[in-house]
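Here are my notes on this structure, written for someone who has not seen it before. They are numbered and can be read with the model open alongside.

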Amino acid sequence: MGYRTILVATDGSDRALIAQRRAAGLARAFWARLVIVTAFTDEGIPRDAAEDVLAYAAQEARRGEVETETRLLDGPPGEAIPAAARETWADLIVVGSLGMGRPGRFRLGSVAEQVAHAAPCDVLIVRTSGDTPSDPAAGYRRVLAGTDGSGTASEAVARAFEVAEVVHAEVALVSVGDPLLAKIALEKTVKGLYGIAPARSIPRAGDPADEIVAVAGEEGSDVVVVGNQGLSGLKGRLLGSVPGAVAHRAPCDVLVARTTGRTLDEIPPGRAGIIEVDGRKAAAYVEDDGTAHVLSARCQHLGCTVGWNATDRTWDCPCHGSRYAFDGTVIQGPATRDLPMVGQNGASG
């Protein structure tokens with residue numbers, strides 16, 4: 001996949017500068033465009049102050065030889081930032097964690113929380129609060145990814161490896177649950193990576209969020225990658241979700257990979273992902289000319305959810321190794337049938 005456009009929000013504070021520098025470093029590593037945004041409101045930052053913030057932020061980013069543009073947003077940041085990400089086809093939104101609160105005492109006014117709910121793409125929550133905020137100058141050396149062996153979790157793990165490859169970091173995988181099932185989930189995930197071996201596989205027992213956070217501390221992880229499975233809309237309840245709890249409690253940055261809940265309109269040209277069509281999962285690939293291929297996400301072998309392999313541009317099954325071309329044509333068994341097309345009503349064609 002890779003990140004082509006990274007959007008970072010700033011309010012001009014020292015804490016926001018930490019997130020901005022992290023975003024600039026990633027933009028440099030991915031050769032991505034950096035979009036810096038600041039939102040002004042009658043109750044918050046006035047327009048003239050927001051303009052000054054953007055000018056200073058752009059000057060700082062361009063010193064790092066990053067392709068940069070700025071946008072002044074009118075409205076509440078939690079709403080304006082996701083909207084700007086859609087307009088710019090951003091692949092990644094970077095926000096600081098300050099203001100996220102603690103589990104059980106969520107504040108709906110928290111920008112990071114609102115953005116994580118409403119974003120049309122991945123969200124990197126940079127640790128800007130606490131005694132040991134993220135150090136963007138140090139880069140990422142250790143990446144931790146949580147998995148349960150599902151197709152969507154495997155997509156998040158693949159994202160972890162993509163980031164690690166670009167920034168030259170090592171990856172550890174953690175799966176939580178019954179020891180045997182956790183081991184099986186790790187084996188399934190590793191098998192789906194097709195030759196890419198993680199530095200460590202860590203099976204754990206207990207509460208998933210508790211264990212992922214604990215492992216992040218034990219491993220000295222710089223960033224934890226989790227899928228957004230379980231992240232509901234703002235009107236839903238996030239308190240029990242694993243990604244939400246990890247985002248609030250991890251001792252490091254957290255990358256929430258958008259692996260579920262997308263629509264076809266949110267897949268930019270040249271990209272692919274698991275989307276929802278009438279409440280069902282579908283595998284969608286959009287060619288550079290805008291031609292869309294919307295397929296059943298169920299592997300035709302035993303029904304596991306396929307995941308996108310950005311390197312080979314194939315749909316891969318993490319369970320038994322079946323592989324399909326971007327248009328659903330089977331290219332490797334044990335599956336023998338192509339992925340069927342999905343109509344707009346959600347029915348397979």
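1. Strand E14 and strand E15 (residues 314–316) run antiparallel and are joined by 3 bridges. Within this pairing, Trp 308 stands opposite Trp 315 in E15. Please keep in mind here and below that this is a predicted model.

2. The two strands belong to an open sheet of 4 strands, ordered E14-E15-E16-E17, and the pairing is antiparallel. Strand E14 (307–309) and strand E17 (330–332) are at the edges with a single partner strand each, so one side of each has no neighbour in the sheet. On average, and with direction ignored, neighbouring strands of this sheet are turned by 35° against each other.

3. Another open sheet has 3 strands in the order E11-E12-E13, again with antiparallel pairing. Its edge strands are E11 (271–277) and E13 (292–296), each of which pairs on one side only. From one strand to the next, the twist averages 30°.

4. Inside that sheet, E11 pairs with strand E12 (residues 280–286) in the antiparallel sense, over 7 bridges.

5. How many residues of strand E10 are buried? In E10 (residues 253–257) the count is 5 of the 5 residues, so the strand is largely enclosed by the rest of the structure. Asp 253, Leu 255 and Ala 257 point one way from E10, while Val 254 and Val 256 point the other way; all are buried. The buried set of E10 therefore includes the charged residue Asp 253.

6. E10 has pairings of both senses. Strand E5 (residues 122–126) runs antiparallel to E10, and 3 bridges join them. With strand E9 (residues 223–227), E10 pairs in the parallel sense, over 5 bridges.

7. Leu 255 itself is buried, pointing the same way from E10 as Asp 253 and Ala 257.

8. Turning to the helices, H7 (residues 208–219) packs with H8 (residues 242–249) at an angle of about 35°, and their axes are 9 Å apart. The crossing in which H7 passes H8 is right-handed.

9. Which residues make the contact between H7 and H8? From H7 come Pro 208, Ala 209, Asp 210, Ile 212 and Val 213, and they meet Val 242, Ala 245, Val 246 and Arg 249 in H8. Sorted by class, this contact has 7 nonpolar and 2 charged residues, with no polar ones.

10. Some totals for the protein chain complete the picture. The secondary structure comes to 8 helices and 17 strands. Of the 349 residues, 53% are buried. The chain exposes about 15600 Å², of which carbon and sulfur atoms supply 49%.

11. A last point concerns contacts along the sequence. Taking contacts between residues at least 6 apart in sequence, 65% join residues that are at least 24 apart.

How values were computed. Residues numbered from 1 in each chain as written. Predicted model: local features only at pLDDT ≥ 70, side-chain atom pairs only at ≥ 80, totals over all residues. Heavy atoms only, no water. Axes fitted to C-alpha atoms, helices over the stretch in contact; angles between N-to-C directions. Left-handed = near helix turned anticlockwise from the far one by under 90°. Contact = heavy atoms within 4.5 Å. Pairing = 2+ DSSP bridges. Buried < 20%, exposed > 50% of the residue type's maximum accessible area, 1.4 Å probe, protein only. Areas by Shrake-Rupley, 256 points an atom, 1.4 Å probe, with all protein chains shown as cover.
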